[in-house]
Amino acid sequence: MTATKTSVLAIALSALCVANVRCQSRGQDLPLGFRSLAGVTLNRDSASTIRATLGNTREQRVGTGHDIDTRWCYVFTNGSSRSLLELLSDASDMGTPGQELNVIRLRAVAPSEDREGCAALHGSAELSTPGGLRLGLASSKIEQLLGRPTRRAADSLIYNFDAKEFLRPDSPQYETWNTTEYRESCFDAGPPYANVEATLIVLLRDDRAIEIRIERYDQSVC
């Protein structure tokens, strides 16, 4: 088989993988129903779309060294709620171009210094994931939604996810990594993929959720 035919066949097989959900992701990834909250979605939204959806708010740099993020925050002011929504993008030297959303953190109560400068969140914002995860749920209900946690402590449920997601053949990343050398050295001679890591942590008080933190990073290739 010629090199041209081999390349065409590889691209065709990769396209089939993209069309086939079971082929697209190996391992266990964070379910789609738990990647969105308040109208924004991990790894899909970024600085501009966050503001377009939730309104303008200040942008901060938080953390130090290799652990630094860009932060946007909103306070929920409907009734007696003091919930704080924080959105973070990895701003380290290995961060995602375009300030892609990597972390969603929702707290039932937060100190005044964490709420300072945060914009008011629209009363219509949905503080629940499409999968039904929200503040106030009992731990038994959370396990019904997400299954058995990776780890469980007296005050938290922790879920870890690790998967491989095939790159789309029409993406710039695919063009970069779809070479014979990279396929052999990085992808077991198969189509290029990204290593996806995600964590979902629910903090509990009196067995009910008082804080939800969801994070997902999908930019690690090879």
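**Salt bridges and burial**

Analyst: In this predicted model, the count of salt bridges comes to 14.

User: What makes Arg71 and Glu86 a salt bridge?
Analyst: The rule asks for a side-chain nitrogen of Lys or Arg within 4 Å of a carboxyl oxygen of Asp or Glu. For Arg71 and Glu86 the N to O distance is 2.9 Å, so the pair qualifies. Arg71 sits in strand E5 and Glu86 in strand E6, so this bridge ties together parts 15 residues apart in sequence.

User: Why is Arg71 called buried?
Analyst: Buried means under 20% relative accessible area. Arg71 has 7%, and Glu86 is also at 7%, so both are called buried.

User: How do you know whether Glu165 is buried or partly exposed?
Analyst: Glu165 has a relative accessibility of 22%. The buried label needs a value under 20%, and exposed needs one over 50%, so Glu165 counts as partly exposed. Its salt-bridge partner Arg216, at 3.3 Å (N to O), is buried with 2%.

User: And what is Arg51 called, given its relative accessible area of 25%?
Analyst: Arg51, in helix H3, is partly exposed, because 25% falls between the two cut-offs.

Methods. Residues numbered from 1 in each chain as written. Predicted model: local features only at pLDDT ≥ 70, side-chain atom pairs only at ≥ 80, totals over all residues. Heavy atoms only, no water. Helix = DSSP H or I, 4+ residues; strand = E, 2+ residues; numbered from the N terminus. Buried < 20%, exposed > 50% of the residue type's maximum accessible area, 1.4 Å probe, protein only.
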